[in-house]
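Me: I would like to go through a model with you, one topic at a time. Could you keep the answers brief?

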Amino acid sequence: KSRAQYDVKNALIPIIEPFHCSGSGTKFTLVLKCSEDFTLSHFYLSGPGPRCTEPIRSGLVWVVDQPPEAECLKKFDAMSSEELMEIMKGLRTCSSCDEAGGLPDPCVYFTTDPTSREAEVELAKWREGKYVVVKFLDTHKDQVNIDVGIIAMIGYFGRKAKQQVPLGPWMRRSARQVWVHPNPLKSMFSSSGWVCDGRDFTGGCRSGQTDFHQTSVYTVTFRCTTSGFDLCEKCAYDPALGKVTEASVQADLEALSDPAMCKLAVTRIRNQWRRNWLATLPMYFQSGMLDALVQALQKSTESSGRPDEERTAVQRQQSGAETQKRQVRRALLQLTMELTQKLLALGPGGDIAVNDLVWALCLEPEEHWDEGRIIQVPKSLPPALVSQKPAPCLGGPSAVSDSDKPHGQGVASADAGGVAAGAGTSTAAAPAAGEKAENEAEASPSSYLVSWRDGQAPGRVEASNLWKITANEDVMMASANLFMEVCKGEACDGVKVTKFLQQGSGADLMATNGEGCTALLAAV
């Protein structure tokens, strides 16, 4: 194969493939020049993937203002790792700064891990300069040649060593943004196209991303590899991401008035309403959402006023723009319909349709949570936000103690006057079998018909006991149990709430049940 395939420039692309494969031998030196002065805070190096035969093991790094003489580097070829460590600890020096083309002592001595083939060093003292010199010393195998996957220099443009602060590792960072995603996000680089999913939440992406093809291979993403959820660096570290503020509401309404951003703005607003429309809807109203919605609808439905023949000719030339306008109009009408449902309690409140996979409370042969598929949606739901008494919190198909059962579920309760229920007093005992069947028949018009994955007969499930699947079984179980626990109000157990938030990957706070209610909204 062509040697260009293994060019050293490949090592400056922050992904494992393609990589650099040197000529025969070791002890090579790479000199890199920056277009302007810089400050180095971290150095990262990685060997290639399993295809390579001689992954890099160790080497040295300098930051200098002038390119060094090759002879000054040869004295490091025969040094042992112990001698190099003594230099790094300041116990000895090999500096030749006084000579023309001389070198100071190296600022980094790296050794890659034999398994991960990675090494990242945060410099004890930030270094300023215009050149980076990397000397590759040896490999993990037979020293036939040297294979290098990624070389990364992290720092700042300009001379900023006096502003040094502890930063911690940079290449392998993690972030949690539980307001928008339940799982931890890991920093990485990607050669495939991606877009920041922060664009779908109130206020939008903090980097201004709105669509694909706005990033490069050098743009870091914080990704959940399980779901493919991505955040840019600014979104990953913004504590206000996903939270409704005056600024985020204003940004959403400005986007709603922009034809190019309108569809995305609708997505943001709908996502926010799913979480807590009771609290956030008034904020949007006070900021003029109705006016912005009416204006956006007018723009999406207005005609050009040209004669039919001329308009037809123009439409052929601008079919893309017309398609976009139709998509915007459809999104706006969907937003208007959802707004009507929320205000007037008309129609199903959840974002659940026929054939959607759901996590639901199955009553047969015994009460347990299971996966199913929607066969039929209700024509309407009760006007109350959480219309049914919460089902028991289940960790599986096990029985529930009386203390965990909702009011009226097989346990005696106190009457309105505070008298213990008993013979001759008002009671809330479990209904008789005939009464229970009658109640279920009455509830069925406002419940979902679900077919179960184990093949048993389809059954009716109340909207509050049914969740659209957004993650794996552990996350859905935690989400449903968290909802049922917070529905207890002041009687909810804080320890259990914490457990459900931390169980597995943690409850999905964006998950909605058949009523369109999230655990956050129920807690409010």
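Me: Where is arginine 117 placed?
Reply: This is a predicted model. In it, arginine 117 lies in the loop between β4 (108–111) and β5 (118–139).

Me: Which side chain of opposite charge is nearest to arginine 117, and how far away is it?
Reply: That is aspartate 147, at 7.2 Å. Arginine 117 is buried yet has no salt bridge, the cut-off for which is 4 Å.

Me: What is arginine 117 in contact with, leaving aside its neighbours within four places in sequence?
Reply: The contacts include Leu45, Ser46, Gly47, Pro48, Gly49 and Pro50. Cys52, Pro55 and Thr112 are also among them.

Me: Changing topic: in what order do the four strands of the open sheet stand?
Reply: The order is β8-β9-β10-β11, with antiparallel pairing. β8 and β11 (229–231) stand at the edges with a single partner strand each, so one side of each has no neighbour in the sheet.

Me: How many bridges join β8 to β9?
Reply: Two bridges join strand β8 (residues 174–175) to β9. Alanine 175 has leucine 185 of β9 as its bridge partner.

Me: What stands opposite methionine 188 in β10?
Reply: Threonine 221 does. β9 and β10 (residues 221–224) pair over three bridges, in the antiparallel sense.

Me: And which residue of β11 is the bridge partner of cysteine 224?
Reply: Phenylalanine 229 is that partner. Three bridges join β10 to β11, and these strands run antiparallel.

How values were computed: Residues numbered from 1 in each chain as written. Predicted model: local features only at pLDDT ≥ 70, side-chain atom pairs only at ≥ 80, totals over all residues. Heavy atoms only, no water. Pairing = 2+ DSSP bridges. Buried < 20%, exposed > 50% of the residue type's maximum accessible area, 1.4 Å probe, protein only. Lys, Arg positive; Asp, Glu negative; His and termini not counted. Contact = heavy atoms within 4.5 Å.
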